[in-house]
Amino acid sequence: MGTRGLGKGLDDEALDPVWAAIEEAELVVFLHPHYGVDSSAWGDKDNGHVLPLALGFPFETTTAATRLILSGVFDRFPRLRLLLAHSGGTLPQLSSRLASCIDHDPVVASRLKHDARFYLGKLYLDAVAYGSEELGFVSDVLARAHRYEKGAEISSATVRSAGSDRMLFGTDHPFFPPLSSTEKWRSVVENLEAIEHVQGWSAADKDAVRGGNALSLFDLGVKV
């Protein structure tokens, strides 16, 4: 069955009752794609799974989340809790470009209540980026989101630590298994190392990303 048989997409207004029920029940939606990009986009050369895993999955995550933003889902359901894989894909890096494109497009410009960058602060992101610099940048983008709420006071101050409370440890399991019997799961080790070396995160921030934020988000009732 092709993807057309599965619906029109997460931004279809017909799904509003679903989003409303999820918001009311205070559930968390985890968004993760699976080989949605046409394989012909990767060319004829055999590169294994590198291109779809490294580029395709984050691209699909970015597209799905952006379509939700553009559709006004987060305006209609402001308490909706959406957790994105791949540290939000490329959405953090492209969020200012997205905001500019929206401002110059009359089809969308009047549809949203806030600047597009504001909505990134409504998201939760896994910390599967494999690098401390990448995690630090994502944290910066989340931390600045409140500055783009309509009517907010203009401020250039951004504290990286403030973005860490919406980031959760992830492993990319079952991808990237050990290459030998003595090797540990690299996806686990590298992502833990990345969290540990983010400059501007306190020890408490790092502990929260490693587990405390998940306990809070999923209301597991464990004090940390």
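# A guided tour of the predicted model

Select Leu-68 to begin: this residue is buried, because its relative accessible area is 1%, and the cut-off for buried is under 20%. The structure on the screen is a predicted model. Leu-68 belongs to helix α2. Along the chain, Leu-10 and Leu-68 are 58 residues apart, yet 6.7 Å separates their C-alpha atoms.

Next, select strand β1, residues 28-31. Which residues form its covered face, and which its uncovered one? Val-29 and Leu-31 are on the covered face, whereas Val-28 and Phe-30 are on the uncovered face. In a regular strand, side chains alternate between the two faces of the sheet.

To see one bridge pairing, display Val-28 together with Arg-81, its bridge partner in β2.

**The second largest pocket**

Return to helix α2, which spans residues 50-71, and select α7, residues 132-144, as well. Each of these helices supplies at least two residues to the lining of the second largest pocket. Helix α2 gives the most, with 4 residues.

The space in this second largest pocket is about 400 Å³. Its lining has 17 residues, and those closest to the centre of the pocket are Ala-54, Pro-58, His-86, Val-128 and Ala-129. Which classes of residue make up this lining? The lining of the second largest pocket comprises 10 nonpolar, 5 polar and 2 charged residues.

**The largest cavity**

A probe the size of a water molecule, rolled over the atoms, shows where empty space is left. How many cavities of 30 Å³ or more does the structure hold? There is 1 such cavity. The largest cavity contains about 30 Å³ of space. To find the largest cavity, select the residues that line it: Gly-88, Leu-91, Pro-92, Leu-120, Leu-123, Leu-125 and Leu-142. Helix α4 (91-103) and strand β3 each give two or more residues to this lining. By class, the lining of the largest cavity has 6 nonpolar residues, 1 polar residue and no charged residues.

**Aromatic rings**

The whole structure contains 3 aromatic pairs. Select Phe-118 and Tyr-119 to view one of them. Their ring centres are 5.4 Å apart and the angle between the planes is 75°, in an edge-to-face arrangement. Are these two residues buried or exposed? Both Phe-118 and Tyr-119 are buried.

Now select Tyr-130 and Phe-176. Why is this pair classed as edge-to-face? The ring planes of Tyr-130 and Phe-176 stand at 90°, with the centres 6.0 Å apart, so the pair is edge-to-face; the cut-off for this class is over 60 degrees. The pair links distant parts of the chain, as its residues are 46 apart. Tyr-130 lies in the loop between β3 (123-126) and α7, while Phe-176 lies in the loop between β4 (167-168) and α8 (186-196). Tyr-130 is partly exposed, with a relative accessible area of 31%. Phe-176 is also partly exposed, at 36%.

**A charge over a ring**

For the last stop, select Arg-166 and Tyr-124.

Terms used. Residues numbered from 1 in each chain as written. Predicted model: local features only at pLDDT ≥ 70, side-chain atom pairs only at ≥ 80, totals over all residues. Heavy atoms only, no water. 1 Å grid on protein atoms, 1.4 Å probe; cavity = no way out; pocket = protein on both sides within 12 Å on 5 of 7 lines; lining within 4 Å. Points joined across faces, edges and corners; volume = space filled by probe spheres on them. Nonpolar A, V, L, I, M, F, W, Y, C, P; charged D, E, K, R; others polar. Phe/Tyr/Trp six-rings, centres within 6.5 Å; stacked < 30°, edge-to-face > 60°. Buried < 20%, exposed > 50% of the residue type's maximum accessible area, 1.4 Å probe, protein only. Lys NZ or Arg CZ within 6 Å of the ring centre and 35° of its normal. Pairing = 2+ DSSP bridges.
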